[in-house]
Each structure stands twice: as structure tokens, then as C-alpha cells.
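Please open the model in your viewer and keep the sequence panel beside it. The tour begins with the whole chain and then moves to selections within it.

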Amino acid sequence: MEIMSKNRKTIEELQQLYLEQEDNQDIPMTYTCKAQIEMLDVRDFGWKYESCRVCKTKLDEDHMCKKCGVIDEFPTQRYRIVITVKEGDAYMRIGMFDKTVEKIVQMPISAMIKISTQQYGDEKVHERFENCIGNSFVFKVQVNKRGFTQELTAIKVFTLDEEKEDNQTQSTDLTQTLVQMATNKRSATEIEASTSISTHQGLKKIKQEKLKGKE
Ligand SMILES: [Zn+2]
């Protein structure tokens, strides 16, 4: 699970790459970056779109997918938001879709759509998104080829707790010690518990052991 720390960059480093990408038409690369959500504006940019079931492309008003050339009568609703994240004094915009959005709002899109249909639904939805502001995540982002017109895209998001766990598994010595300690503690508790609920049998066993000790 070293995905989280793979190609770790600061926002400033990413911005540099972003500019370099403009000149050379390299294959998009992925990086990870730890940052805090500074802005999340769903009022102006929206939060979902109707997508083609086959290729996920945004459908036009007639539910037509220009890529597949077919009309999708039952389009899939997908999350799509644009966020601004910060790290120190540096800021950047990231486009986010589907699962990555689900992770930061902690809600599948079906539930969010349900909320939006309630009374004051739009306000409630905005509130849900605004609650994410100030939270930090590790973003795995992809630098787009056409970097100048498009934001970076988040292809995966990790919580800081997940990062912590990841770091722990990497420092094996410390982890092993911690696990050992936890196991010892647990078995001690288990013994305690089994002793307290033990009735006849347990007592008998203790007696037997005592006798053994005497022998
Ligand atoms: Zn399509």
C-alpha cells in the first residue's frame, strides 16, 4: 500500500510539473499530494452530471453520447465537482468524480440526490459539501495533458487515518512491537473475562492447578 506516498509532491512542485506538461506532450502522470480543502463551490459549478453508461462521458441535453453516438435513455448520475485545495501558501484546483467525491462527502450519489429532492434540498446539499471544507486528504492526482485548460483530476483519495495506517505498516519494527503489545493486552483482557465468567469448570481448573503446584 505504498500508493499513498508514491510520487509525493507539494502543490508547488505539482504546479511546476503542470507547466512543464504544457510543453511536452507526455503521457499523463500520477502524483500524490497531501492538502486541505479550501474551497468547494457547488453553487456555481454544480456537483453532478448525466453520463453515458458505457464511457462515462457527459451526455448532451438530448441524452446523446457524442463519443458512442447513442442516446442513453437511462443515464447514470455521477458526481463531478471542482475543489480548491491548499498546502501552506500554495493553492490548486482539482477536478473530482464519482468515488473520490463520495469519499470526501461520505455519501453515495443516490443518497445525495435523495436529499436534493427534499424541501430546501439544494441548501441541504450545499451544506453537505461545505462541511468538507477544512478537511485534509491525500489526493492521488493525474496531471492532464491539456493542463492549461483543465484542472488536475483526482483519481483516488485517502483519509489521513488511512495514511497513518499506511505509514505504520511501512515502519515494520515499530508496528510489530505495537501489534505485540496490543495482542498481549487483548489476551490479558480475554483471560480476565474468561476468569470472571468462569463458573464451576474454571474454578475446578484453578483448583487442579493449585494441587499440581503442591505436588
Ligand atoms: Zn458513451
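Of the contacts in the chain with a separation of 6 or more, what percentage is accounted for by residues 24 or more positions apart? In this predicted model, residues 24 or more positions apart account for 60% of those contacts.

Next, select residues 109-116, which form helix α4, together with residues 121-130, which form helix α5, and look at how the two pack: their axes are 7 Å apart and meet at an angle of about 140 degrees. The two helices are therefore oblique to each other, since an angle has to be over 145 degrees to count as roughly antiparallel.

Now show the side chains where these helices touch, taking M112, I115 and S116 from α4, and G121, D122, K124, V125 and R128 from α5. Sorted by class, the contact of α4 with α5 comprises three nonpolar, two polar and three charged residues.

Finally, move to G46, which you will find in the loop between α2 (42-45) and β2 (48-51). Is G46 buried or exposed? G46 is exposed, because 12 other C-beta atoms lie within 10 Å, and a residue with 12 or fewer counts as exposed.

Note on methods. Residues numbered from 1 in each chain as written. Predicted model: local features only at pLDDT ≥ 70, side-chain atom pairs only at ≥ 80, totals over all residues. Axes fitted to C-alpha atoms, helices over the stretch in contact; angles between N-to-C directions. Helix = DSSP H or I, 4+ residues; strand = E, 2+ residues; numbered from the N terminus. Parallel < 35°, antiparallel > 145°, perpendicular 65-115°, else oblique. Contact = placed C-beta atoms within 7 Å. Nonpolar A, V, L, I, M, F, W, Y, C, P; charged D, E, K, R; others polar. Buried ≥ 20, exposed ≤ 12 C-beta atoms within 10 Å, placed from the backbone.
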